[in-house]
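Subject: Structure handover and notes

Dear colleague,

I am passing on the structure below, together with notes on what was found in it. Please read the notes with the coordinates open beside them.

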Amino acid sequence: MSYGLIREQLAKAGDDLKTRFEAGDSIVELVHARSSQVDEIMLQLWSEHVAQDSAVLMAVGGYGRGELHPGSDVDVMILLPDSMPADAEESLSAFITALWDVGLEIGHSVRTVQQCVEEAGADLTVATTLMEARLLIGPAGLFQRMLAVIEPDQMWPSSVFFEEKLKEQISRHHRYHDTAYNLEPNVKGSPGGLRDIQMIGWVAKRHFGATTLAELVEHKFLTPGQLERLEDGEQFLWRIRFALHILTGRREDRLLFDHQTRLAEMLGYEDATYILAVEQMMQRYYRTVMELSRLNEMLLQQFEEAILMDPDAPAEALNERFQVKNGFLQTVNEQVFKKDPSAMLELFLLLQQNPNLRGVSAYTVGSIKRHLHLIDDQFRQAPRNHRLFLNILRAPEGVTHELRRMNLYGVLGLYIPAFGRIVGRMQYDLFHAYTVDEHTLFVVSNLRKFALQRYDDDFPHCSEIMQSLEKPEVAYLGGLFHDIAKGRGGDHSELGAVDAEAFCLEHGLSARDAKTVAWLVRHHLIISTTAQKKDLGDPDVINEFAEVVGDSERLDYLYVLTVADVRGTNPKLWNSWKAQLFRDLYELTKRALRRGLENPFEGEQLVLEKKEKARLYLDSAGVGEQVIADVWQLFDDNYFLRYRSSEIAWHTKWLADSDTGDEIGIVNVRRRRSGDGVEAVLFTPQSKRTFAHVTAVLDELGMTIMDARIVPLDNDRSIDTYVFMESDKRIDIDEDRINKIRRSLTRILSADDESVAKVTRVLTRQARMFTTPTRVDFGAVGTSDQSVFELTTADRPGLLSTVGQVFIEQGINIMSAKIMTIGERAEDVFYISDLAGRALSDAALDALADSLRSKLDQNDE
């Protein structure tokens with residue numbers, strides 16, 4: 001048969017498998033059918049090119065297990081006898097070439113038995129591959145010789161094999177940040193993925209000689225129910241992987257955003273009222289890998305106990321219900337949880353109280369799973385269980401660790417049913433990097449770090465506040481409940497506050513503490529939105545915020561919860577600029593509360609205080625009073641309200657050493673003193689209106705703009721400042737980079753051409769998968785000299801520059817821009833006026849909104 005006909009045969013077989021997949025055929029049958037199809041081609045081509053019985057052809061890896069997906073690599077090994085005919089090498093080479101010619105993605109190796117001994121003995125991966133070998137054709141005796149030399153009594157005894165494989169798994173999990181909950185997981189390699197199931201199979205084969213997972217039931221290592229869950233999980237992941245290969249037309253094991261929506265459609269999911277089809281699919285994925293992770297942990301621990309530990313080691317009693325054997329906590333018998341269900345909570349408290357324990361025995365983990373049905377309403381209402389849960393939260397060590405273990409074992413989601421509903425729940429966007437339950441536990445983990453002195457150097461300000469709180473469990477409960485109502489519809493903050501207060505009162509917290517927890521949940525977003533969307537230089541903003549907070553204790557709780565929340569949402573979100581904004585709001589509010597709500601801040605007083613502090617900075621830098629006075633003549637009160645004292649001092653020293661009468665303007669750039677990022681300041685004629693130009697240049701340079709302040713001065717000058725950071729964290733901001741930025745901004749001022757530079761950077765792969773409708777919302781700020789509007793739209797390169805160009809076209813001055821990027825979505829707030837320095841009329845606002853929508857929609861096309 002010609003290679004062309006074989007390619008057609010393979011293509012038709014692939015189409016048939018796709019049709020069967022879409023019809024809902026058994027995925028087990030499909031992956032084996034694909035393997036059988038390849039077997040036929042292998043045997044056909046082997047018979048055409050290789051002399052009978054001259055060598056052994058065997059399938060290895062997934063192909064050796066008879067498990068192939070449409071895009072899987074086809075791994076084979078050719079086992080050679082000790083001596084070969086002269087023309088054998090040529091015929092084998094022709095065979096391998098033929099495999100490629102017919103379109104198979106081949107991975108191959110050629111070895112003698114002795115080479116198998118040498119390479120498998122030196123490399124555990126090779127040994128593992130050979131363990132899974134399947135004879136396709138050739139002398140069976142030679143194949144059996146190979147199997148004999150890699151037996152555990154020849155190399156890699158089961159104890160060493162297990163230890164090394166466990167190290168491999170730990171290393172692999174580290175590559176995926178030790179969580180199954182990444183938003184773009186790898187169905188094969190991520191924790192709880194297919195590789196974890198294969199790990200169980202490899203160890204079982206090495207220790208017991210088991211060829212299937214079902215044989216572990218016979219060896220009493222699995223119950224029939226556990227086997228069913230393991231096989232169900234594997235088949236679900238197989239179905240996702242099979243669909244991924246069909247969808248992409250290649251081997252693809254990553255559940256990328258690019259594929260998730262279409263994959264959900266392929267698998268039959270449909271959008272519901274409060275949850276998208278893709279979110280339903282991913283929730284099932286995360287719950288599946290969570291269960292597989294638990295089974296993997298339990299079985300590997302069981303193997304460890306059987307392979308590495310003394311089964312006859314004496315047990316040391318901890319109390320009437322628990323004992324320690326080989327360093328693991330276990331129940332004294334199978335009846336413990338049935339007789340005393342509260343022991344399922346007590347177990348986690350004992351782990352905290354005995355930090356030297358290595359974990360929970362596999363036997364006891366299985367017993368917990370079998371008794372989870374006992375965590376019912378009666379269990380949840382029992383005062384003893386309330387005390388146990390609060391004691392776990394109040395423990396000096398191990399709080400986060402045991403909450404994670406409670407979640408993994410299924411206890412937490414049953415004890416707090418509302419938490420159970422968010423387990424595995426993802427939000428289909430680029431802002432939330434983790435599922436809701438994983439994010440929640442990260443928040444509690446961050447709060448715990450603030451509470452522990454060993455992390456003081458990492459989080460000095462939050463640590464100082466957290467460690468001063470009388471009842472840190474109030475913060476932990478706020479963290480545990482802040483997102484617990486996600487996905488129900490309605491305001492999750494309000495719904496979660498109701499759940500939180502009821503839970504706290506039921507658990508015996510005082511009415512005051514319960515109300516504080518509920519208040520934290522209800523307002524857990526307010527620091528973030530106020531700091532990032534409002535002008536913190538406006539005394540009214542601070543006074544209004546202080547009124548909402550009410551007292552210093554609530555402010556302390558809210559501040560540490562907010563920082564923990566943002567840090568736990570997405571590792572890329574937190575930066576020194578955001579930290580500075582939050583701290584500014586915290587400290588300004590703290591001062592307002594100390595003064596008393598009946599005695600609010602006045603702008604005049606703030607100006608005096610900032611000047612006094614700025615003078616201290618300048619005095620230490622050797623700047624004289626007359627020089628300071630000369631520069632400050634250029635500034636008005638609005639300027640002093642809009643900048644920190646350290647920024648005022650920097651501007652003053654710079655302008656004192658510069659030609660402030662330069663007609664085109666001047667530029668200065670520096671690294672931010674308080675952390676990562678860069679600050680640029682331009683002193684220019686107001687007529688320059690540089691916002692569109694500056695944002696275009698910075699965007700093209702690969703910068704993410706965090707903040708822009710354009711402060712018009714009384715002398716027809718403007719002082720404009722921008723805070724920005726490298727979008728690519730791998731780029732160091734050194735002096736050369738600073739100089740390049742400075743030169744690029746200086747060219748803007750000196751250019752005669754008023755056209756705005758085009759931003760050529762392209763949208764990221766992930767961001768292209770989302771669409772955000774453009775929305776323009778106007779709000780009143782209570783003054784006659786400015787208007788405010790919030791622009792919500794898809795984030796994209798050149799967005800701010802486009803907005804700036806619309807301002808120029810519409811005759812609008814920008815006073816300030818509060819830049820807030822939430823994943824794929826921009827939520828930017830602009831304070832603006834007309835060219836005469838007045839708030840915009842309704843007609844002008846409508847024209848602005850229409851122009852923005854038109855321009856941004858045009859750019860989307």
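Just after helix α19, G410 takes a positive phi of about 90°. Please bear in mind, here and throughout, that this is a predicted model.

Within α28, which covers residues 539-549, the buried residues are P539, V541, I542, N543, F545, A546 and V549. As for what they pack against, the buried residues of α28 meet α26, α27 (526-533), α29, α30 (576-595), α31 (603-620) and α33 (637-642).

Two of those partners, α26 and α29, also pack against each other, and two helix pairs were examined in this way. Two packed helices are described by the angle between their axes and the distance between the axes. For helix α26 (residues 511-522) and helix α29 (residues 552-567), the angle is about 45° and the axes are 10 Å apart. The two helices are therefore oblique to each other, and the crossing of α26 and α29 is right-handed. On the α26 side the contact is made by R512, K515, T516, W519 and L520, while α29 contributes E553, R554, Y557, L558 and L561. Sorted by class, the contact of α26 with α29 has five nonpolar, one polar and four charged residues.

The other pair is helix α1 (residues 3-22) with helix α2 (residues 27-49), whose axes come within 10 Å and cross at roughly 170°. Since angles over 145 degrees count as roughly antiparallel, α1 is roughly antiparallel to α2. From α1, the residues that take part are Y3, I6, Q9, L10, A13, L17, R20 and F21, and they meet I27, E29, L30, A33, R34, Q37, E40, I41, Q44, L45 and H49 in α2. By class, the residues of the contact of α1 with α2 divide into eleven nonpolar, four polar and four charged.

Two single residues were also looked at in some detail. D483 lies in the loop between α24 (472-481) and α25 (492-506), and it counts as buried because its relative accessibility is 4%, where the cut-off for buried is under 20%. The side chains of D483 and H439 are joined by a polar contact of 3.4 Å. Not counting residues up to four places away in sequence, D483 touches I422, V436, H439, T440, H492 and H524.

W650, in turn, is found in helix α34 (residues 645-656), and with a relative accessibility of 13% W650 counts as buried as well. If its neighbours within four places in sequence are left aside, W650 is in contact with N668, V669, R670, E679 and V681.

Notes
Residues are numbered from 1 along each chain as its sequence is written. This is a predicted model: local features need pLDDT of at least 70, side-chain atom pairs count only at pLDDT 80 or more; totals for chains, interfaces and linings use all residues. Side-chain values use heavy atoms; hydrogens and water are left out. Axes are lines fitted to C-alpha atoms, for helices over the stretch in contact, and angles run from 0 to 180 degrees between N-to-C directions. Helices (H or I, at least four residues) and strands (E, at least two) are DSSP runs, numbered from the N terminus. Angles under 35 degrees count as roughly parallel, over 145 as roughly antiparallel, 65 to 115 as roughly perpendicular and the rest as oblique. A crossing is left-handed if the near helix is turned anticlockwise from the far one by less than a right angle, and right-handed if clockwise. Contact means heavy atoms within 4.5 Å. Ala, Val, Leu, Ile, Met, Phe, Trp, Tyr, Cys and Pro count as nonpolar, Asp, Glu, Lys and Arg as charged, and the others, Gly among them, as polar. Buried means under 20% relative accessible area, exposed over 50%, partly exposed in between (1.4 Å probe, protein chains only). A polar contact is a pair of N or O atoms within 3.5 Å; within protein, one must be able to donate a hydrogen and the other to accept it, and residues adjacent in sequence count only if both atoms are side-chain atoms.
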